[in-house]
Amino acid sequence: MKITYALSKLTFLAFLFMAVAIVACKDDKDPDPQPVDTNPIVGKWQVTAITPETAGTTIPALQFITTLAPCIYDLKLTFNANNSITTADCPAAVSAMGAFVPVGSDAKWKVVGDKLTLSTATTSQEFKITQTATNLTVVVNTQTDPTKPAINALLQFKKV
């Protein structure tokens with residue numbers, strides 16, 4: 001009987017030890033790192049010019065934006081490696097451009113080939129771009145009247 005009692009105690013202790021070991025050895029793996037975008041657009045860009053794509057064309061919306069936001073050429077957009085966008089130095093320009101280019105506080109970006117997609121919680125727009133290591137040009141459709149042909153504006157940036 002002493003042997004049976006000792007074996008049952010030993011079995012119970014072995015079972016208890018295994019249960020503790022199994023619970024203590026849970027998966028302690030680090031969370032997956034955030035994906036990092038290595039596109040050359042990552043960095044801080046400053047607006048240097050806003051011009052019509054076709055020389056000699058007048059875009060009324062451009063005059064409206066420069067009137068509402070005289071600081072527009074101070075505007076800086078930072079395309080972060082986590083695909084978010086931050087703005088600096090001209091909040092009036094961010095508000096004025098909002099109808100044409102979604103770059104608000106919750107904006108996200110993605111580049112595929114020569115297309116830049118900017119999106120917020122409520123909207124998403126795709127823009128044709130050309131970029132080098134130091135210059136970025138974004139083609140923006142400024143059509144506000146569907147009865148007239150579309151007029152494109154070129155937003156030109158330099159990397160700062």
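Biologist: How many disulfides does a search of the whole structure find?
Modeller: The search finds 1 disulfide, a term for a pair of cysteine sulfur atoms within 2.5 Å. This is a predicted model, in which local features need pLDDT of at least 70 and side-chain atom pairs count only at pLDDT 80 or more, while totals for chains, interfaces and linings use all residues. Residues are numbered from 1 along each chain as its sequence is written, and side-chain values use heavy atoms, with hydrogens and water left out.

Biologist: Which cysteines form the disulfide?
Modeller: Cys71 and Cys90 form it, with their sulfur atoms 1.9 Å apart. The link of Cys71 and Cys90 is right-handed, with 70 degrees about the S-S bond.

Biologist: Where do Cys71 and Cys90 lie?
Modeller: Cys71 is in the loop between H2 and S2, and Cys90 is in the loop between S3 and H3, so the pair ties together parts that are 19 residues apart in sequence. Helices (H or I, at least four residues) and strands (E, at least two) are DSSP runs, numbered from the N terminus.

Biologist: Is Cys90 buried or exposed?
Modeller: Cys90 is buried, at a relative accessible area of 1%. Cys71 is partly exposed, at 22%. Buried means under 20% relative accessible area, exposed over 50%, and partly exposed in between (1.4 Å probe, protein chains only).

Biologist: Turning to charges, how many salt bridges does the structure hold?
Modeller: The structure holds 2 salt bridges, each defined as a side-chain nitrogen of Lys or Arg within 4 Å of a carboxyl oxygen of Asp or Glu. One of them joins the side chains of Asp89 and Lys76 (2.7 Å, N to O). Asp89 lies in the loop between strand S3 (85-88) and H3, and Lys76 in strand S2 (residues 76-79), so this pair ties together parts 13 residues apart in sequence. Lys76 is buried, with a relative accessible area of 17%, whereas Asp89 is partly exposed at 49%.

Biologist: And what does Lys128 meet in a salt bridge?
Modeller: The side chain of Lys128 meets that of Asp114 (3.1 Å, N to O). Lys128 is in strand S6 (residues 124-131) and Asp114 in the loop between strand S4 (108-112) and strand S5 (115-119), 14 residues apart.

Biologist: Which residues of helix H2 are buried?
Modeller: In H2 (residues 60-68), Ala61, Leu62 and Ile65 are buried. They cover an arc of only 105 degrees around the axis, which puts them on the same side of H2; the arc is that of the directions from the helix axis to the C-beta atoms. On the other side of H2, Pro60, Gln63, Phe64 and Thr67 are exposed.
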